[in-house]
Amino acid sequence: MEKMDTAMAARVWQRVRGEATAPEAIFGLQGLAAAEMAEAAALAQMSGMTQGRSQRVLRQLAQQDRAHAACLKGIQAMAMGSAPHLRTAPPVPEEPETALRKCCGRKMKALAQYEARAQDPEFGCVFAELARQERAHCCQLLELLGMQAEPGSRL
């Protein structure tokens, strides 16, 4: 007779009793948290290449993205008992305008992910708030890009 894996047996009994092993909302969160961390690093890097208002906005967005990553890790900790340890590669240096364009595209994708999760029965309100913040981030980044288009303007 084969020895039974106790962790697997516990998961089977949870399903038999109708208990969920983990909320549906946590699937893919590790990737979202890593993306938020990478975005924070890219924004922080961009802020070092700018000055004035642009620098302040980019620093603030970087800080908020770090908070988003921590929030996502917190959801995983609540659901699974521990938060993941994530590492991301350092951002590739780019011209500020190119980096802003790419960042805005990534923000739109994150917004779509959060909106799709906003109906989750357990963490939906958290995802709705993250979506609201991402919407504001998109507007701020687009504003910075729009200011770039003005004659004599630089980030």
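Residues are numbered from 1 along each chain as its sequence is written, and side-chain values rest on heavy atoms, with hydrogens and water left out. Because the model is predicted, local features need pLDDT of at least 70 and side-chain atom pairs count only at pLDDT 80 or more, while totals for chains, interfaces and linings use all residues.

## Overall fold

The secondary structure of the chain comprises 5 helices and 0 strands, where helices (H or I, at least four residues) and strands (E, at least two) are DSSP runs numbered from the N terminus. Along the sequence the pattern reads α-α-α-α-α. Of the 155 residues of the chain, 35% are buried; buried denotes under 20% relative accessible area, exposed over 50%, and partly exposed in between (1.4 Å probe, protein chains only). Among contacts with a separation of 6 or more, 75% join residues 24 or more positions apart, a contact being heavy atoms within 4.5 Å.

## Nonpolar cores and the aromatic pair

In soluble globular proteins, nonpolar side chains tend to be buried together. A nonpolar core is here a set of buried Ala, Val, Leu, Ile, Met, Phe, Trp, Tyr and Cys residues joined through side-chain atoms within 4.5 Å. The largest such core holds 15 residues, and L29, L72, I75, Y114 and F127 have the most contacts inside it. Two or more residues of this core come from each of α2, α3 (52-80), α4 and α5 (124-148). Another core lies apart from it, with 12 residues that include L43, V57, L61 and L100.

The whole structure contains 1 aromatic pair. Rings of Phe, Tyr and Trp (its six-membered ring) are paired if their centres lie within 6.5 Å; planes under 30 degrees apart count as stacked, over 60 as edge-to-face and the rest as tilted. Y114 and F127 form a stacked pair, at 6.5 Å centre to centre and with 20 degrees between the planes. Since Y114 belongs to helix α4 and F127 to helix α5, the pair ties together parts that are 13 residues apart in sequence. Both Y114 and F127 are buried, and the relative accessible area of F127 is 0%. Neighbours within four places in sequence aside, Y114 contacts L32, E36, L72, F127, L130, A131 and E134.

## The largest pocket

Rolling a probe the size of a water molecule over the atoms shows where empty space is left. The search uses a 1 Å grid over the protein atoms alone: a cavity is a set of points where a 1.4 Å probe fits but cannot get out, whereas a pocket is an open set with protein on both sides within 12 Å along at least five of seven lines, and lining residues have an atom within 4 Å of a point. Grid points are joined across faces, edges and corners, and a volume is the space filled by probe spheres set on the points.

The largest pocket has a volume of about 370 Å³. Its lining consists of 22 residues, with A35, A38, E39, A42 and R106 nearest the centre. The elements giving two or more residues to this lining are α2 (29-47) and α4 (96-117). By class, the lining has 12 nonpolar, 2 polar and 8 charged residues; Ala, Val, Leu, Ile, Met, Phe, Trp, Tyr, Cys and Pro count as nonpolar, Asp, Glu, Lys and Arg as charged, and the others, Gly among them, as polar.

E39 is located in helix α2 and is buried, with a relative accessible area of 7%. Apart from neighbours within four places in sequence, E39 contacts D65, C103, R106 and K107.

## Selected residues and separations

M37 also lies in helix α2, but is partly exposed at 22% relative accessibility. With neighbours within four places in sequence left aside, M37 contacts A69, L86 and T88. In the loop between α2 and α3, T50 is found, and T50 is buried at 7% relative accessibility. H85, by contrast, is in the loop between α3 and α4 and is exposed, at 64% relative accessibility.

The table lists C-alpha separations.

| Residue pair | Separation along the chain | C-alpha distance |
|---|---|---|
| M37 and D65 | 28 residues | 6.6 Å |
| T50 and P96 | 46 residues | 8.0 Å |
| F127 and L111 | 16 residues | 9.4 Å |
| H85 and A34 | 51 residues | 9.5 Å |
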